[in-house]
Amino acid sequence: MVAGLCIVFFWIALKEMTRLFPDVKLFEKIAKTLSALEGGGIDAAIEESGRSHLYEVAIDLYSKNSTMGVGWGNFGEMLVKITNYAQMSVHNVYLQLLCETGLLGFLPFVLAAIVSLLQSIQNFK
């Protein structure tokens with residue numbers, strides 16, 4: 001019940017901040033994303049946040065550089081060249097790692113995570 005009240009309070013505060021500060025687009029963007037989440041689920045919220053386009057760019061860059069990737073930390077620079085967006089991350093660790101390091105960097109990471117998970121399960125028993 002407390003969580004529900006917090007969500008309602010946050011929603012009302014966000015609507016009020018959007019009304020009071022119309023020039024601050026951050027409040028409007030958060031409100032649109034929450035509305036999309038409420039109305040259309042997680043897919044609609046991801047689309048509204050703009051992350052789906054970042055995901056598409058990362059997948060496209062990976063498909064062109066699948067073995068070695070575009071280079072550690074280079075996604076932001078490539079994003080600027082391709083889309084004229086500001087330099088930013090993919091907002092998805094797995095896609096960022098896959099895009100920047102290719103299979104040679106991604107597979108050791110995934111294998112280490114799987115081995116760690118299996119060892120944890122084995123130790124738990």
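Some ground rules. Residues are numbered from 1 along each chain as its sequence is written, and side-chain values use heavy atoms, with hydrogens and water left out. Because the model is predicted, local features need pLDDT of at least 70 and side-chain atom pairs count only at pLDDT 80 or more, while totals for chains, interfaces and linings use all residues.

Confidence next. pLDDT is the predictor's confidence in each residue, from 0 to 100. The protein has a mean pLDDT of 77, and 61% of its residues reach 70 or more. Where pLDDT is low, the predicted coordinates should not be read in detail.

Now the helices, which are DSSP runs of H or I of at least four residues, numbered from the N terminus. Helix α3 covers residues 51-64 and helix α5 residues 93-124; their axes are 9 Å apart, at an angle of about 15°. Axes are lines fitted to C-alpha atoms over the stretch in contact, and angles run from 0 to 180 degrees between N-to-C directions. That makes α3 roughly parallel to α5, the term for angles under 35 degrees. Contact here means heavy atoms within 4.5 Å. On the α3 side it involves Tyr55, Ala58, Ile59, Leu61 and Tyr62, and on the α5 side Leu95, Leu98, Cys99, Gly102 and Leu103. Nine of these residues are nonpolar, one is polar and none is charged. Nonpolar covers Ala, Val, Leu, Ile, Met, Phe, Trp, Tyr, Cys and Pro; charged covers Asp, Glu, Lys and Arg; the others, Gly among them, are polar.

Helix α4, residues 75-83, packs on α3 at about 105°, with the axes 11 Å apart. That makes α3 roughly perpendicular to α4, a label for 65 to 115 degrees. Residues in this contact include Leu54 and Val57 of α3 and Phe75 and Met78 of α4.

Last, the two residues. Is Met68 buried or exposed? Met68, in the loop between α3 and α4, is exposed, at 57% relative accessible area; exposed means over 50%, buried under 20%, with a 1.4 Å probe and protein chains only. Leaving aside neighbours within four places in sequence, Met68 contacts Glu100, Thr101, Gly102 and Leu104.

Glu100 is in α5 and counts as buried, at 5%. With residues up to four places away not counted, Glu100 touches Met68, Trp72 and Phe75, among others.

Definitions and conventions
Helices (H or I, at least four residues) and strands (E, at least two) are DSSP runs, numbered from the N terminus. Angles under 35 degrees count as roughly parallel, over 145 as roughly antiparallel, 65 to 115 as roughly perpendicular and the rest as oblique.
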